[in-house]
Amino acid sequence: MSKIRGFLDQNLIKLDYTAAAERLKHHCEFASILSLEQAHLQSSRCMDCGIPFCHNGALSGAGAPKSVGCPVNNLIPDWNNLVYQADYKQALEVLHSTNNFPEFTGRICPAPCEAACTLGINAEAVGIKSIENFIIEQGFINNWVIPKIAKYKTNKKIAVVGSGPAGLATAQQLARMGHSVTVFEKNDRIGGLLRYGIPDFKLEKYHIDKRITQMQAEGVIFQVSTFIGDEFPKKTANNTALKIISPKQLDADFEAIILAGGAELARDLPIAGRDLKGVYLAMDFLPQQNKINAGDKIKASINAKAKHVLVIGGGDTGSDCVGTSNRQGAVQVVQIELMPCPPEEARQAWPYWPLKLRSSSSHEEGCERDWSIITKRFEGNKKGVLEKVIAARVEWIDGKMCELAGSEFEIKADLVFLALGFVAPTPDILAAFALKQDERGNIEAQHYQSSNPKVFSAGDMRRGQSLVVWAIREGRECALRVDAYLR
């Protein structure tokens, strides 16, 4: 690298956050972006290491228990060096060569690349994520992010079902190859989970809109409020379809079909009192606030103002419920998790993703957290409204959960959000296409091609619940397979 002693002379530069009391007043992003000088110093820390594990995401495939480095194989040392040399335009070219949407991953990716950084063995890793976000912001500031229109058209028509990161990445790659691509989305706006799952304070939606404009110029057609299936589904917070198209019609109109609808079937908690008013799935709650932020009028929306909120589930979705509840004015937010509290110091060997206690910015804004808690039942009043949750403490012995005798206690709760993860794609679309499924209920698609040779799949629908960065990688690789099939 350009500065041989950079990793010795320069400490990690952490991003500044707007103070919690101030950022709770709005739903906008609050993390800073590196200045030119900070980016120069941050990138100088990148080492000339023999094997840069940071971009070796290819070492782990779909379903692998561990992940090493960046799933899209970002050429991190290369663009770090270019940033150090202040060649931001070329850095953007290198970044875009592996990642269609660095403005998404630069904000919401948990950065497995940093966990795999060689410097992280005995010091703080290079701030890769912040540099990535800096590069793409320079691209937009300087108008370097422009449509890449294919010189030659193949006249091959492709349907992409789902407009999340996997669907968008697939569609953009195929359009740039010269194919005619139409993206179908059941909601009224494009973006999938990016639009209606991730809160605006983590990812403002104008970032998605800029990419849609670029993709439209590249020839991609977007068709919203359209459900693909045999039966019209009931409308929910995450489904506002006004039109239905059958798989049979899709098959007649297109030469290849790509299913990239995500893993939307949420894990529920079927215990006593589950039907009480006040107990909701996280994805009944989060999309509503995003819609309100976008200016929509929501009837009977779920609101945490002046309420005691309990979030069950300790992952990112649970954290998003915490942050959204606090912004709505909750009196108290409590988050519980069935598994034991992770250690404060990482115990898993580099370069793998470390097991350790993680606190998000939402937790710092106000949240009581507890671990090794089992939820036993929900209790409410005579009107069927939730009032409290009965829970108990557990311990884990040889991987088995045991409830501690006499540990039962109650938690005051007006609202409960179930953030227990997602188990599979919605069964109706799989049934409509009559596709083989794997043991987890995902589409069985070796090399992205399903049991129907004309139908491909990418993202969470194929590999199961995962990261946005994995969805982008899957979309890019799926596009290559579809292109080879059509040619």
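A residue counts as buried here when its relative accessible area is under 20%. Phe 422 comes in at 17%, so it belongs with the buried residues. Keep that cut-off in mind, as it comes back several times below. The structure you're looking at is a predicted model.

**The chain as a whole**

Let's start with the big picture. The protein chain holds 18 helices and 18 strands. Its C-alpha trace spans about 70 × 60 × 45 Å along the principal axes. For 487 residues, a compact globule would have a radius of gyration near 23 Å, and the chain's own value of 23 Å agrees with that. Buried residues make up 52% of the 487.

Five strands form an open sheet in the order 8-16-9-10-11, with parallel pairing. Strand 8 and strand 11 sit at the edges, each pairing on one side only. From one strand to the next, the twist averages 20°. Strand 10 and strand 11 are joined in the parallel sense over four bridges, and Val 334 has Glu 368 of strand 11 as its bridge partner.

| Helix | Strands touched | Angle between directions |
|---|---|---|
| Helix 13 | strand 8 and strand 16 | about 75° with strand 8 |
| Helix 14 | strand 9, strand 10 and strand 16 | about 175° with strand 10 |

**A closer look at helix 13**

Helix 13 covers residues 282–293, twelve in total, and reaches 17 Å from its first C-alpha to its last, close to the expected 16 Å. Is this helix mostly covered or mostly open? It's mostly covered, with nine of its twelve residues buried. Among them are Ala 282, Met 283, Phe 285 and Leu 286; Gln 288, Gln 289, Asn 290 and Lys 291 are buried too. What do the buried residues pack against? Their partners are helix 10, strand 8, helix 14, strand 16 and strand 17. After the helix comes Gly 295, which has a positive phi, near 100°.

**Back to Phe 422**

Strand 17 is where you'll find Phe 422, and strand 17 is also one of the elements that the buried residues of helix 13 pack against. Setting aside residues up to four places away in sequence, Phe 422 touches Ala 263, Glu 264, Leu 265, Ala 266 and Arg 267, along with Met 283, Thr 317 and Gln 465.

**One more buried spot: Ser 44**

Ser 44 sits in the loop between helix 3 (36–43) and helix 4 (76–84). Is Ser 44 buried or exposed? Its relative accessibility is 4%, so Ser 44 counts as buried. Beyond its neighbours within four places in sequence, Ser 44 is in contact with Lys 3, Gly 6, Phe 7, Gln 10 and Tyr 84.

Definitions and conventions. Residues are numbered from 1 along each chain as its sequence is written. This is a predicted model: local features need pLDDT of at least 70, side-chain atom pairs count only at pLDDT 80 or more; totals for chains, interfaces and linings use all residues. Side-chain values use heavy atoms; hydrogens and water are left out. Helices (H or I, at least four residues) and strands (E, at least two) are DSSP runs, numbered from the N terminus. The expected span of a helix is 1.5 Å times one less than its number of residues. Buried means under 20% relative accessible area, exposed over 50%, partly exposed in between (1.4 Å probe, protein chains only). Contact means heavy atoms within 4.5 Å. Two strands pair if DSSP finds at least two bridges between them. Axes are lines fitted to C-alpha atoms, for helices over the stretch in contact, and angles run from 0 to 180 degrees between N-to-C directions. The radius of gyration is taken over C-alpha atoms; the globule rule is 2.2 Å times the number of residues to the power 0.38.
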